[in-house]
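I opened this model to look at one helix and at the backbone on either side of it. My notes are set down below in the order in which I looked things up.

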Amino acid sequence: MMAVHLSNPSIMIKGRTRDGNEIMIDDFRESYWWLRDNTPEDSRVMAWWDYGYQINGIANRTTIADGNTWNHEHIALLGRCLVSNEDDAHAIARHLADYVLVWSTRFGGMYGDDMAKSPHMARISGSVYSEINPAAFYQDEKGNPSPMMRDSLIYRLHGARFIPSIPPLKHFEEVHTSKHNMVRIYKVKDVSEASRKYCAEHHAYPPALKKILDQKQDFEQLEDFNRKAKK
């Protein structure tokens with residue numbers, strides 16, 4: 001029994017319909033293959049770091065972060081983009097990514113999605129950028145989002161079309177939503193080609209992000225070897 005359980009691929013999940021029929025939920029593979037088959041090979045995909053390896057290995061696309069991203073400040077920048085309002089988020093995303101992928105699994109009955117993780121995104125971002133106040137990013141006891149959460153990019157990408165109160169997106173175009181609404185992919189509008197070229201040539205942040213990056217305060221970790229060396 002254990003062997004059968006362990007042999008099930010983690011991106012394909014067995015589920016049941018309301019009438020009890022067993023189904024295979026294939027939204028994750030479906031979405032990664034959509035990226036592979038419908039985007040240019042040099043596309044850059046922004047997503048929370050959890051899905052980086054899957055996007056890279058299954059979709060064969062470059063990701064902004066993955067499970068081996070040890071740079072806390074980089075994850076904080078990604079978090080800042082996702083928890084900021086759409087205008088501020090786009091001012092970052094257009095210099096780093098061509099697409100944004102979010103997990104919206106609660107619309108398929110599974111609640112461990114990007115909205116569940118979003119307070120953690122705010123905490124990480126706030127540990128580096130004082131402009132982000134994690135205490136203002138929350139859901140109340142009735143599940144209602146705080147003003148900051150309601151205005152955030154992650155909330156809008158997660159619930160666009162599904163939550164009536166969310167206004168139409170200005171800077172991001174929905175290009176794919178999986179069969180059971182568990183994965184959503186958006187195209188970033190007005191991507192900076194100058195920043196794309198700079199990143200490809202220098203493998204570094206583009207100059208257009210300098211003003212934002214100058215706001216960061218390096219996060220001191222328990223095992224911060226760089227800081228120890230400076231001392």
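Entry 1, ground rules. I am working from a predicted model, in which local features need pLDDT of at least 70 and side-chain atom pairs count only at pLDDT 80 or more, while totals for chains, interfaces and linings use all residues. Residues are numbered from 1 along each chain as its sequence is written, and side-chain values use heavy atoms, with hydrogens and water left out.

I looked up α9, residues 193-202, where helices are DSSP runs (H or I, at least four residues) and strands are runs of E (at least two), numbered from the N terminus. I found Ser-195, Arg-196 and Cys-199 buried there, buried being under 20% relative accessible area, exposed over 50% and partly exposed in between (1.4 Å probe, protein chains only). They lie on the same side of α9 because they cover an arc of only 105° around the axis, taken from the directions from the helix axis to the C-beta atoms. The buried residues of α9 pack against β3 (44-46), with contact meaning heavy atoms within 4.5 Å.

Turned away from the buried side, I noted the exposed residues Ala-194, Lys-197 and Glu-201.

Most residues other than glycine have a negative phi. I therefore noted Asp-190, which sits in the loop between β7 (183-188) and α9, is exposed at 55% relative accessible area, and has a positive phi near 55°. His-203, in the loop between α9 and α10 (210-213), has a positive phi of about 50° although it is not a glycine, and its relative accessible area of 72% makes it exposed.
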